[in-house]
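Morning, everyone. Please look at the screen, and I'll walk you through one protein and its ligand.

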Amino acid sequence: PVFECNIMCKCSEDCKNRVVQRGLEFKLQVFKTTKKGWGLCTLDFIPKGRFVCEYAGEVIGFTEACRRMQSQQSSDMNYIIAVREHLNNGHVMETFVDPAHRGNIGRFLNHSCQPNLFMVPVRVHSLVPKLALFAARDIVPKEELSFDYSGRFNNLLEEKTHEGRLDRENEMRKACYCGAALCTGFLPLDKSLCDITK
Ligand SMILES: C[S@@+](CC[C@H](N)C(=O)[O-])C[C@H]1O[C@@H](n2cnc3c(N)ncnc32)[C@H](O)[C@@H]1O
């Protein structure tokens, strides 16, 4: 886990272990894409490894995440991110972030199967992590910013829909228009959140 220095530390505000808490450092712009609704691009050159922005939103529990996920229409331009951290004692810490009602500029980040950002859960003043996005490579001005929504989930469409549950899962999948050469064709779907028996 990544912890930043905070109010409990004796270091100054200039400490190198204070990054995400400083917020945006690059000029970003929301723009209209052709097939994905709104998107986010950079107006500045962003060197590889630099912090870009957070994916902020309401932090909700598993049951509420399932409820919201199942009540979302496929036309809704929203994405509830589920982050699972595997602890060395076997426990899994889950964080669900929904930017639908409260969020930041990160809510305009689209998914790509070949993204230029990666997500890291970073803790600052709380055990609840901030979902921080960093540049996976150098990014030039006017390039669209994107990250892979999938995490550790397999992003392949199930072919055999022998059970209602699979039908429902495939119904909830959205076509991916990221345009990457290795695009899987669909946006990632966290299956644990679309179990119709829950
Ligand atoms: C976090 S929002 C991103 C901003 C969104 N495009 C908008 O207009 O508000 C996530 C939603 O954007 C759309 N989206 C994101 N990436 C996409 C992609 N690669 N292909 C198609 N739609 C995408 C989907 O509707 C998704 O549920």
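Buried means under 20% relative accessible area, exposed means over 50%, and partly exposed is in between, with a 1.4 Å probe and protein chains only.

Before I go on, some ground rules. This is a predicted model, where local features need pLDDT of at least 70, side-chain atom pairs count only at pLDDT 80 or more, and totals for chains, interfaces and linings use all residues. Residues are numbered from 1 along each chain as its sequence is written, and side-chain values use heavy atoms, with hydrogens and water left out.

Back to E85. It lies in strand 6, residues 81-86. Strands (E, at least two residues) and helices (H or I, at least four) are DSSP runs, numbered from the N terminus. The side chain of E85 makes a polar contact of 2.8 Å with the side chain of R123. A polar contact is a pair of N or O atoms within 3.5 Å; within protein, one must be able to donate a hydrogen and the other to accept it, and residues adjacent in sequence count only if both atoms are side-chain atoms. Leaving out residues up to four places away in sequence, E85 also touches others, including H91, M93 and P129. Touching, or contact, means heavy atoms within 4.5 Å.

Now F134. You'll find F134 in strand 10, residues 130-135. Why does F134 count as buried? Because its relative accessibility is 14%. F134 and R50 sit 84 residues apart in sequence, yet 5.5 Å apart in space, C-alpha to C-alpha.

Zoom out. The protein chain has two helices and 11 strands. Of its 198 residues, 41% count as buried. Take the contacts between residues at least 6 apart in sequence: 64% of them join residues at least 24 apart.

Last stop, the ligand. Which residues come nearest? Of the 20 residues around the ligand, the answer is K36, W38, N110, K174 and Y177. Around means a heavy atom within 4 Å. A polar backbone atom of W38 is 2.7 Å from an oxygen atom of the ligand. The side chain of K174 has an N or O atom 2.8 Å from a ligand oxygen atom. For N110, a polar side-chain atom lies 2.9 Å from a ligand nitrogen atom. On its own, the ligand has 560 Å² of accessible area, and the protein covers 94% of that. Those areas come from the Shrake-Rupley method with a 1.4 Å probe.
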